[in-house]
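Subject: Handover of a structure

Dear colleague,

Please find the structure below, together with its sequence.

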Amino acid sequence: MESKPKSEHLLALKVMRLTRPTLASPVVVTCDSTDLPGNTLNVELKNDCTALQGMETVAIGQFMILPQSFGNIYLGEIFSSYLCVHNGSHQAVKDVTVKANLQTSTQTIPLSGQNSQATELAPNHTIDEVIHHEVKETGTHILVCEVTYTPLLLGSQPLSFRKFFKFQVVKPLDVKTKFYNAENDEVYIEAQIQNLTAGPICLEKVALESSHLFTVSTLSANEKQESIYGKLNLLDSGHSRQYLYCLKPTPSLAKDPKMMHNATNIGKLDIVWRSNLGERGRLQTSQLQRMAPDYGDLRVSAKDIPSKIYIEEPVNFKIHIINTSERQMDLLLGLQSNTSVAWSGISDKMIGTLKPGESVHLPLCLIPLESGLVAVSGLKLTDTFLKRVYDYDDLAQIFVNHMD
């Protein structure tokens, strides 16, 4: 970017964005020597100055091209700019001050420092400064530069001029998340990250910073805790990566069903990447929110189910009942056999009184009558006070083996 003030001013301002060059790659157009063009295309490709000798058909550039335009600025990158004030007149000036502010839709950020001041600036001399800022907002940004100075002529008044430079900040990544609330209070998060930039990037870090209510572990690593995508996680333009995380509630949270229901804040994704020439970018999402699971008045889950289950053999396990309502409940347990499972025990058994938030573990025994994947069903709870019945026909899924 370059801007010159009006002719009545003694100083000129230049503003240039500092960015890395790009690689010049040859346009590979070739054919077999027996084709109609013969060796014409191959000869032209060998004479191309951007082609790598001996590897002309591989699009690897051996030159770098300096930026010809302002280019794209992506959210999370470091915006660097060079400010230069030049005295192109034949008069010296004093009290030169350069101020640079970056205006966004929400705030104004001062960028210039002490290096952009001079008590006196002689003819054909300059003052300059390099400014840096990590871009944290998308949309229109305006770089406002103001130069103030005073000519050395007797009785001269301070003069100033301002210049504006507008640019757009766009999203480098598209992040989509999916949540799954498991029965054991664990939360699974799938994060899909898509590269929206014009070139390939290398993902250096993709981590989930969980809230204080959960502990997080990544499921996108092998037994040695190495990323499944390898040490060099290269992501081409338009391509995506999926990451999976498991969050377990802290012991204090797991003991409080109401607090567990209200724990909707999961955490933030922290992503660090580098472009193909090493430019670093960082993006942190806002607080991820999950939909609170709706358990109704009662939450019932199966615990301690054996890993191996055989047909027509007793299966002993426990059920965990939590009163998630706002009222006290007097519960009656009912068991009803069907063609898949037969319950062993007393039906219509009084459990007792459960206050809001209280829980109880009950031992049960069933006998599977079919092999394969069988649903544990036929369990019902009755609130004797309101005469309300809660049926559980898919309490758990068990795999039943044939007898050895």
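R327 counts as partly exposed, at 23% relative accessibility; here buried means under 20% relative accessible area, exposed over 50%, and partly exposed in between (1.4 Å probe, protein chains only). This is a predicted model, in which local features need pLDDT of at least 70 and side-chain atom pairs count only at pLDDT 80 or more, while totals for chains, interfaces and linings use all residues. Residues are numbered from 1 along each chain as its sequence is written, and side-chain values use heavy atoms, with hydrogens and water left out.

Salt bridges

A salt bridge is a side-chain nitrogen of Lys or Arg within 4 Å of a carboxyl oxygen of Asp or Glu. The whole structure contains eight of these salt bridges. In one of them, the side chains of R327 and D297 meet at 3.4 Å, N to O. This pair links distant parts of the chain, 30 residues apart: D297 is in the loop between β21 (288-289) and β22 (298-303), and R327 in the loop between β24 (315-323) and β25 (329-335). Strands are DSSP runs (E, at least two residues), numbered from the N terminus.

D297 also forms a salt bridge with R388, with the closest N and O atoms 3.1 Å apart. Because D297 lies in the loop between β21 and β22 and R388 in strand β31, this pair ties together parts that are 91 residues apart in sequence. R388 is partly exposed, with a relative accessible area of 39%. Through shared partners, salt bridges join D297, R327, D383 and R388 into one network.

D174 forms a salt bridge with K171, their closest N and O atoms being 3.7 Å apart. D174 is buried at 17% relative accessible area, whereas K171 is partly exposed at 42%.

An open sheet

Four strands form an open sheet in the order β13-β14-β18-β16, with antiparallel pairing; two strands pair if DSSP finds at least two bridges between them. Its edge strands, β13 (173-181) and β16 (214-218), each pair on one side only. Nine antiparallel bridges connect β13 with β14 (residues 187-195), and K178 stands opposite E190 in β14.

Backbone angles

D95, in strand β7 (residues 93-103), has a positive phi of about 50°. K387, in the loop between β30 (379-383) and β31 (388-392), has a positive phi of about 60°. D95 is partly exposed at 44%, while K387 is exposed at 65%.

Yours sincerely
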